[in-house]
Amino acid sequence: MKAKALTLLTAGVMLTASTPMLPVYAAEKPVSAKSMEELPEWVPTDFESALEFRNTYGATHVEDGLICAVFWEQAEKIPEGEPQGVLRYNIIETKDMTKCLKHDIYGSKDNAFNYEVIVYKPLKQGEFEISFADTWVNLNGEKNYTFSINDSLNAVETDIYSWLPDCFKEYRNYELTNRKIFVKDNYVVFCLDSNAGTAFEWFPTPSNEYDRSVIDYVMTEYCTEETSELLDGGEQYRVEVYQAKKDGMAKISYDYIANYGRPYLPEEVDKTLVANCAIIDNAQNILLPGNMRVTLVDYDTGEPLTISENTLLSIWTDIRYYTPEGDMITGPIYSIDNNPGIIDQLWNYSKADQFSFRLGDYDIPEGYAAPDFTGFVVYSKGCILPDFMTVTEYENGSADVVFKLKKETKRVIPEEKSADLTDLKNGETRITFYDKDTGELIPSELVEHHNLGFGTDIRFRSNMSPNGWMYTGPIYAVEANPQVYKTDLANLYRSADYFEFLCDDQPEVTLYDNGAMDLVIRTKIKVSGNINGDSEFSIADVVALQKWLLNAYDKDIYNWAEADFDLDNKITIFDLVLMRKALLKLINLPVEVSVKEETDGVVGAVYLYKVYRVGDTYYLSYQDMTTDQYPQPLAVKITESEYREIMAQDYESMIRNMNVQNEPEFGEGSYTLELSYSDDSKKKAASARMPDVLEKLRVLKEKYFNFVEPDNRLLYGSMFTVVKDGLKLYLGPDESYRSVDNIPKGTQLYEIGYQKDNDIWLFTKYNGQYGWLRMVEDDNSTITIYYADVVAKPVIYLYPEEKTDVHVELELTEADLSTTYPRYNNGWDVTASPDGSLLNKSDGTHHKYLFWDASNCRTRFDFSKGFCVAGSDTESFLKEKLTYMGLTEEEMNEFIIYWLPLMEHNRYNLIVFQDDAYTNSAKLNITPTPDSILRVFMTYVPLKEAVDIQPQQLETFERKGFTVVEWGGSEIKA
C-alpha cells in the first residue's frame, strides 16, 4: 500500500452488507462464489495464498485496476447462550461503486481461523469504502478502508493504511527505510520489536505525562508474520500510532522491560524510545529533535512553490568545531525530495561553533531567482537573517526554515536614441560629472585630484559556474571631465543579466543605436579634511595645515586635496578657515544615537539600538521589540573610544541619503535614525535606506549582547558536570533573561565567571555560546551541577605542649565531605601528645594525623598571584617554599610524596598557595583553641605553555604553644 493522501469518507455515502458464506477448506477444491472474470495471479485462491497475501500486503491491495481485501476471521462456534445465526463478522461496502468479482472464505481444518477474500472492480468515479467489523469486540472491533476512484476507474487507497504498515513485509520494509520512531504528517509511529520467547516487552513509560489535548493515542497495529501453525516464541512486531490534536510540545516514550506482572523501577529498563515532538501548522505537522524542515515559497504570496521533477533540491552546509587539537570541519550536502521536505538530524549541528547552510547552487526553481541576486549563502549562526528567509527554532531541538524566492524579472534597458544625436563613436562610453547643487560641470582639475569614479557589479547567468553566475566588475576612475572610455562597458550594460553601478549618486544612462552610451552623474565633491593620513579628521589635521602654510611642518601632507575646502585646486589660508569651521561643526556631535530597524527577514521583527552616556560611563542598549517578552532593553557598558566613534559618524550625509525621494529602495525593511544633542535638540530621519551607522551598531551588539558580563572572570575556573537533563543556559544570572540553549545531562563544562554575592548562578560557555546556569533548583538545595574538583588529602597535625584531649570540627561551606580517617562523627575526639601522636578515643586506634578529603568543591580559588613552575623543577620548588612557610622536614616530605607524582610529569604547573579562599570555605573549630595554626593549601593548574604571573608573597610561620598544622591541595583542570 503506497502513500497518497489520508481522507475521510464523506457523509451520506450508501453502505451495504455483503452476503455471509461458509469457508472453503484447503483439502477441498475451492469453488468461487463469484468468479465471473479471469483474475490475476496475485489474487488469493486458497488458504495458503491468502496467508501469503496477508503477510505481503496486509488487509488490502490495489493492482491491475482491482481492489482486493483479505480479512482474518476466527473460526469458532457461537458460544452457547448466544443467539444462534448471528454473524460475528460484518463487512459493509459503499453501494453501486464497484462490482464484486470474487467473494470466498478459505480455511484449514488444522487452524482456528479463516481468510475472507473479496475482489472489487471499480464501476464509476468517486469514493469507495469497505468497513470490516468484529461484532464481538467492543473496542477497536471495526476497521475502515477508503479508496478514491478516478475517471479512468483506477483506485488509490486513501486511508491510514496507504502508508502505515499492517503486515510483516511492510513492517520490515519500513524498519529498513525509517527509524524506530518516524513521523508522517501529523502522526507519530513507534515500531516495536520483541521476542515472544523472553519476558521482555515494550510498555508506555509510566511517567508519560504528555497533554492529550495536544497529541493522543490512535491505534495499535500488529504486524507479526501470520503462519499456518502456532509457533512457540519468535519475533513479534507492532506499531503504536499517535495523532497531533493542536500545536504545542509533547514527549512520548516506551520502555523495553521484563514483564513480571508488577510495576517496574527505572533502573530495570533495558532501553527506551522517546518521541519529543514539536507540533506545528495547526497540528498538521510534527518535527522530531534534529529535524530541519525546508520550504520554498513565493516571496510575494508566501505560497509553497511547485518543484518540477527535474529540480533536485539540496542544502549545502559548513559545520565547524574549534578544539585545542585543531578545527573539525564537515560540510555534508542533504537532498530534499519534497517541498516542504524534512532533513533528519541536521539541526543537531546548530550547536557547533560555526553552523551555516544555504540552498544548493543548482536548486533555484525555474522562473525564480535569489531576491538580491547574490546567491544563497543565507544562514550563519549568530548573524541577522536576510529578509528572504525565516528560521523558527523549537524547544525540542528542531527548526523550520523557509526560503522566500522572487520571480525573475528582466532588466529594463532605456530605449536607444539615434547616433546622430551624439559625437560618440561605436561602443564608446562617456562619463560626465556635474555639481549636484549648481548643475555646473565639475572642472577636470578638481576631478583629477578628488578620486571621482564608480565601481560595477556585472553578472551573466551560466550553467558552467558553480553558483549559476559569471561575474565581472571593472572600476572606473575618472581623471578628466568628461572622459571617454573605449572599453566594452556599453556592451556589458546592454547584455548583462544583472548590472549595478556601485556609487552613491547613480548615473543617468543614455544609449545610442551605434552601441555608444552616455553616463551623467550629478554629485558633490567631498573633502574629508584628513591630510595627515591617520584616517580621522581632528584638530591634528588643523595644526598640520597651519604649520604647512607657515612652512613649519616637517612632513609631507598625505593628500593636499583633502584640505581644498573651497575647491579652487589650491591650498590657502581660506582653506584653513573652512577646515576650522568644518571641525567645529563636527565637534557639535550628538550625545545619543538610536536606530530602529524593522525588517521582513523575520516576520514583524523590530530591533532598537541606542548608544548614550551617563556621566563618564558609556552604554550600548539593545532591545528586540518583536514581542513584549522583554520590555526593558538590555544595556551594557562600552568603552569611551567606541562611544566616540559612533558619535563622530557623518550623520548629515546619512540623513540626506535617507531623505532622498524618488530613488529605488535598497531593501524591504525600514529604518529610523534619531540623534540627540547636548542642547536637547534632536534630528530624525526615517527611510527604507539603511543608515551606515547601523553596521557599526550591529558589530557592537554582537560583541556585547550575547550575555551579561560577570562581575568576576575566572582565568582558571573549575570543571563541573551537568546532572540535570535540559539545564537551561540564560543570557544573564536570572530566569527573566532569555534562555538560549538546553544542556543535556552529563555535559562537562568550566566555570569562567560569577557575580558578587550570588552563589546560585555561574557563568560558562557551551557550544560557543556564553551564558549563565542556575546551580540549584528552585528549592535552593537540589543541585543541577556537580564540580569535578576535589579537596585532596588535607591532613591535620596536633602538637600540644602536654598530653591533651582535643576536639576537632570541620565546617565545609563550598564542598561535600567525602572520606575521613579516623571516621569523622560530628568531629574527631582524640588524645594528642606533644610529639604529634594521636589516640582516637572512639576506637582506641593510633594515628599521626587526622585525614579528610572532599568532593564537589565549589570554591573559587584566587589565581591572581602565584608561580609558574616547570614540571621537572617541582621537587626543588616545593622543598624551598614549604620550608619557608614553616613545615617540618617530616611534614614536607609527606606533602611532596603525595603531590610530586601528580605534578612533575606536567610540562608546567601554575601553583598558588591559597589563603582566605580556602580557610573561609573549610573552617576548623578546635577545642582547646590552638596558640598557633598553619594551614598550607596548594592549588595547581597543569599547563602546556608557561604563563606570566605576578609572584605570590608568602609568609613564614612561628610555632608557639599548642600548634596545629594542616596541609592539602587541589588540581584545577582548566
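Is N569 buried, partly exposed or exposed? I looked it up: N569 is partly exposed, with a relative accessible area of 23%. Buried means under 20%, exposed over 50%, and partly exposed in between (1.4 Å probe, protein chains only).

Notes on the model. It is predicted, so I kept local features only at pLDDT of at least 70 and side-chain atom pairs only at pLDDT 80 or more, while totals for chains, interfaces and linings use all residues. I number residues from 1 along each chain as its sequence is written, and side-chain values use heavy atoms, without hydrogens and water.

Entry: positive phi. N569 is not a glycine, yet its phi is about 65 degrees. I found N569 in the loop between α5 (539–549) and α6 (573–587). Helices (H or I, at least four residues) and strands (E, at least two) are DSSP runs, numbered from the N terminus. A283, also not glycine, has a positive phi near 65 degrees. A283 sits in the loop between β17 (271–280) and β18 (285–287). A283 counts as buried, because its relative accessibility is 3%.

Entry: cis bonds. I saw a cis peptide bond between N339 and P340, with omega about 0 degrees. P340 is in the loop between β22 (333–336) and β23 (341–343). Another cis peptide bond joins N481 and P482. P482 lies in the loop between β32 (475–477) and β33 (483–485).

Entry: core. I checked the largest nonpolar core, which has 32 residues. Such a core is a set of buried Ala, Val, Leu, Ile, Met, Phe, Trp, Tyr and Cys residues joined through side-chain atoms within 4.5 Å. F71, F128, I130, I160 and L164 touch the most other members.
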